[in-house]
Each structure stands twice: as C-alpha cells, then as structure tokens.
Amino acid sequence: MTQQIILLTNTGSPRTANEEDVRRYLLEFLTDGDIISIPYPLRQLLVRGIIVPRRVRYSASRYRRLVALSDGVMPLTTEMRRLAEQVAQLTQLPTLYTPRYAQTSRAEWGERIAQLVGTDDVEVLLLPLFPQYTRSNAGSATTYFSDLPKPSGGSYKTTVLTPWGTNQLYIRRLTELVASRVDISDDSCHYVGTYHSIPESHRRYDQAHGWDYRAQCVATLEAVTGRLGVPEERVHLAFHSAMGHGRWLQPSLTTVLQELVAQGVRRVVLFSPSFVAECLETKLDLELEARSLFVEAGGEELVYIPCLSAHPGTAELIASLVESLR
C-alpha cells in the first residue's frame with residue numbers, strides 16, 4: 001500500500017532576524033532563476049555583489065521589527081508549523097511544513113521523508129500555499145520539491161495541487177473572515193484586494209505556459225466580494241511589493257489608496273488573498289505602513305483583514321485541498 005506524506009510549502013522566512021541568517025535567506029531567494037530571471041552568471045553577480053550587500057542591513061532591521069511585533073517569533077514559521085500539526089490530525093497523514101528557501105537541500109528533504117515514512121512506495125502530496133499561480137511562487141516551489149531524491153537512489157513520486165484561488169471552500173473561508181471583521185452593510189467602505197506584484201516579464205512567461213496571474217487575482221477578488229455582496233464600484237485590485245527596475249503589475253497599492261482618498265473615500269477594508277499566514281509583508285507593509293499612508297493622506301480608517309490562518313477553519317481547508325490530491 002502506498003504511504004502518503006504531505007508537504008506544505010511557501011516562501012518562508014529567515015531562521016532568525018540576525019544579519020547572517022537574513023543574508024543567507026536573501027542569497028538563496030534572490031539567486032533563484034524563477035525570482036530574478038536573467039542568465040546565471042549575471043544573476044549571481046547582481047545578487048551577491050550588489051543587491052544583498054545593499055539590502056541585508058535594512059532587511060534585517062525589518063525582520064527585527066517583525067519579531068518584536070510578533071511575541072519574539074517569526075510569525076510565518078510559527079503559524080505554518082501549527083497548521084501542519086492540525087492538518088496531520090485531520091488527515092491522519094504525516095505532514096511537514098517545508099519553506100522553499102530554508103537553506104536545506106533537496107537531498108536533506110529526501111532524507112527527512114525517509115526517516116518519517118521510509119522509501120518504499122511513497123507518494124508526496126505537495127501543496128504550495130499560493131492560491132494564485134506564478135513561476136516565482138508555486139512554480140518555483142513545484143520545481144524544487146517535485147521528485148525529491150531518495151537516500152537509496154531514485155526519487156519519490158510527487159502529486160502537486162496548484163492553483164486553488166477559486167476553490168469554493170477557500171472563497172467561503174475568506175468571505176467569512178472578512179465578514180467577521182467589518183460591517184458589510186456599511187456602504188461607505190471600499191474593499192481593496194492586494195496581491196504580491198510580479199514583473200510583467202513573469203506574467204508573459206506564465207501566459208505562454210497557460211497561466212495568467214493577474215486573471216487569477218481578479219477571479220479570487222471577484223468571487224470574495226461577490227459573495228459578500230459588495231458592488232463592483234467599491235471593489236479595487238492592487239499589487240504591492242514591487243522591487244527593482246522594470247515594469248511590474250499595476251496599479252500599486254500606494255496609488256490605489258491615494259486615489260481613493262482623492263475621490264473622497266474615508267474608509268477602506270484591506271485584505272491580501274495571496275497569503276495564507278502572516279509574514280513580513282502583511283504585518284509591516286499592509287497592516288502598519290499601508291494604514292499609515294492612508295490616514296496621512298486624509299483617510300479616516302483602514303481596516304486590515306488578517307491572513308487566512310486567522311480563520312479557525314483554515315486547517316480544514318488545507319486538509320480538503322490535500323484530499324483532492326488523493
């Protein structure tokens with residue numbers, strides 16, 4: 001009988017907020033060809049010689065701030081380990097949380113699986129925790145964690161689920177989470193769904209391979225706000241966390257919030273369907289900095305909706321997604 005094991009994966013976080021751990025994390029993250037898609041020698045030179053030396057101190061300071069706001073822990077890692085334990089209980093299957101950028105080799109992950117379930121007739125159920133697919137999130141994770149090597153030779157069979165941004169239970173959980181935090185009958189509120197931005201070049205690459213990240217983001221946002229009953233004129237799509245040069249998906253979250261204030265909007269509900277658990281971007285960029293920007297621009301209130309893991313039924317959702325792989 002085939003022994004199944006669940007791997008839950010997302011981008012991950014540095015092990016600690018000290019500069020050396022942040023440096024290692026940034027190096028692994030930014031030298032991934034699915035993140036910066038330029039030829040290998042130039043990418044290594046750019047990342048190791050310019051980007052990381054310039055960013056590591058600033059990034060470490062942001063992670064220290066995140067840890068201070070999160071009871072001394074990396075919230076993403078802590079939350080994902082808790083969810084993995086809950087999913088294991090619901091599915092009765094061994095469940096691991098495996099950050100994509102964890103300074104851990106494919107061979108080491110293969111050995112860890114062998115320690116848990118052996119190597120004979122094993123199937124890995126891989127669930128990238130990115131509801132909307134692009135090469136730099138679920139694409140990279142799928143490439144890295146598929147067909148992990150067995151210590152005895154050969155590789156593990158892998159079954160992957162992605163994307164799942166219009167899954168009905170996922171939409172219902174998001175809708176319930178939003179409705180639990182705001183008065184949806186208040187017609188003065190505008191709803192902003194913001195997603196991690198990607199370069200336009202990545203979108204074109206995805207489109208050539210049958211995916212459209214922007215269209216997936218729109219579909220999720222429309223499904224959630226449609227279920228909430230929010231009229232189209234009070235729903236806005238935005239993208240955040242663009243970095244570096246080149247064209248990235250627009251409009252930016254900063255632009256959307258500023259334009260809403262200029263139009264006389266005073267209350268905004270902000271949520272990010274692209275994240276399952278709180279991380280640096282959600283806790284700092286969205287919950288704190290976006291709120292400050294909106295208020296300083298003249299808005300009255302920005303209500304930040306926490307990530308999906310705040311819903312008590314999130315583990316059930318993940319278990320349901322895993323069940324669709326079996």
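Predicted model: local features only at pLDDT ≥ 70, side-chain atom pairs only at ≥ 80, totals over all residues.
Local features need pLDDT of at least 70 and side-chain atom pairs count only at pLDDT 80 or more, while totals for chains, interfaces and linings use all residues. Residues are numbered from 1 along each chain as its sequence is written, and side-chain values use heavy atoms, with hydrogens and water left out.

**Aromatic pairs**

- The count comes to eight aromatic pairs. Rings of Phe, Tyr and Trp (its six-membered ring) pair if their centres lie within 6.5 Å; planes under 30 degrees apart are stacked, over 60 edge-to-face, and the rest tilted.
- Trp109 and Phe145 pair edge-to-face, at 6.1 Å centre to centre and 70° between the planes.
- This pair links distant parts of the chain: Trp109 is in helix H4 (residues 106–117) and Phe145 is in helix H5 (residues 135–145), 36 residues apart. Helices (H or I, at least four residues) and strands (E, at least two) are DSSP runs, numbered from the N terminus.
- Trp109 is buried, at 6% relative accessible area, and Phe145 is buried at 0%. Buried means under 20% relative accessible area, exposed over 50%, and partly exposed in between (1.4 Å probe, protein chains only).
- Phe145 also pairs edge-to-face with Tyr144, at 5.1 Å centre to centre and 90° between the planes. Tyr144 counts as buried, at 16% relative accessibility.
- Elsewhere, ring pairs join Tyr25, Phe29, Tyr63 and Tyr101 into a cluster.

**Charges over rings**

- The charged end of Arg100 sits over the ring of Tyr144, 4.1 Å from its centre. The rule asks for NZ of Lys or CZ of Arg within 6 Å of the ring centre and within 35 degrees of the ring normal.
- Arg135 lies over the face of Tyr205, 4.0 Å from the ring centre.

**Second largest pocket**

- The second largest pocket has a volume of about 370 Å³. A pocket is an open set of points on a 1 Å grid over the protein atoms alone, where a 1.4 Å probe fits, with protein on both sides within 12 Å along at least five of seven lines. Grid points are joined across faces, edges and corners, and the volume is the space filled by probe spheres set on the points.
- It has 18 lining residues, each with an atom within 4 Å of a point. Closest to its centre are Thr77, Arg81, Tyr97, Pro99 and Ala102.
- Helix H3 (75–91), strand E2 (95–97) and H4 each give two or more residues to this lining. H3 gives the most, with four.
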